[in-house]
Amino acid sequence: METPDYVYVMEFKRDKPASDALEQIKDKKYYEKFLNSGKKITLIGVNFDSEKRTLAEWVVEALWNLSIGIGDKMKIFRRIFKLFLPAW
């Protein structure tokens, strides 16, 4: 997903660790085509629990700030979901 200032590279898994999704993003370098865009790039791995039918886990890594904290991760996640679900 791309906005004027940010790029969010997401990989979704079902019943697997979110870290597996993040590793796939890195291994396959999905983010690479955005490196020279001047935008802040955020990698997001997501796991859905099929039994509970919920989002079970996510991991976030910001390529533009590797010291990002949990509060910032939540802000990023909310920003992404507001693009999909404006009422959230």
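Lys13 touches Asp20, Ala21, Gln24, Val46, Asn47 and Phe48, leaving aside residues up to four places away in sequence; a contact here means heavy atoms within 4.5 Å. Keep in mind that this is a predicted model, where local features need pLDDT of at least 70, side-chain atom pairs count only at pLDDT 80 or more, and totals for chains, interfaces and linings use all residues. Residues are numbered from 1 along each chain as its sequence is written, and side-chain values use heavy atoms, with hydrogens and water left out.

**Exercise 1.** Work out where Lys13 sits and whether Lys13 is buried or exposed.

*Solution.* Start with the element: Lys13 belongs to strand β1 (residues 6-14). Helices (H or I, at least four residues) and strands (E, at least two) are DSSP runs, numbered from the N terminus. Next, check the surface: Lys13 has a relative accessible area of 18%. Buried means under 20%, exposed over 50%, and partly exposed in between (1.4 Å probe, protein chains only), so Lys13 is buried.

**Exercise 2.** Work out how the strands are arranged in the sheet.

*Solution.* First, the order: three strands make an open sheet, β1-β2-β3, with mixed pairing. β1 and β3 are the edge strands, each with a single partner, so one side of each has no neighbour in the sheet. From one strand to the next, the twist averages 20°. Two strands count as paired if DSSP finds at least two bridges between them.

Now take the pairs. β1 and β2 are parallel, with nine bridges; Val9, for instance, has Leu43 in β2 as its bridge partner. β2 (residues 40-49) and β3 (residues 54-62) run antiparallel, joined by eight bridges. There, Phe48 is partnered with Leu55 in β3. These two strands form a hairpin with four residues between them, and Arg53 in the turn has a positive phi of about 60°.

**Exercise 3.** Find which residues of helix α1 are buried, and why they end up on the same side.

*Solution.* In α1 (residues 18-27), the buried ones are Ala18, Ala21, Leu22, Gln24 and Ile25. They cover an arc of only 155° around the axis, so they share one side of α1; the arc is that of the directions from the helix axis to the C-beta atoms. As background, an α-helix has 3.6 residues a turn, so residues three or four places apart point the same way.

Then ask what they face: these buried residues pack against β1, β2 and β3. Finally, compare Glu23, also in α1: at 38% relative accessibility, Glu23 is partly exposed.

How values were computed: Axes are lines fitted to C-alpha atoms, for helices over the stretch in contact, and angles run from 0 to 180 degrees between N-to-C directions.
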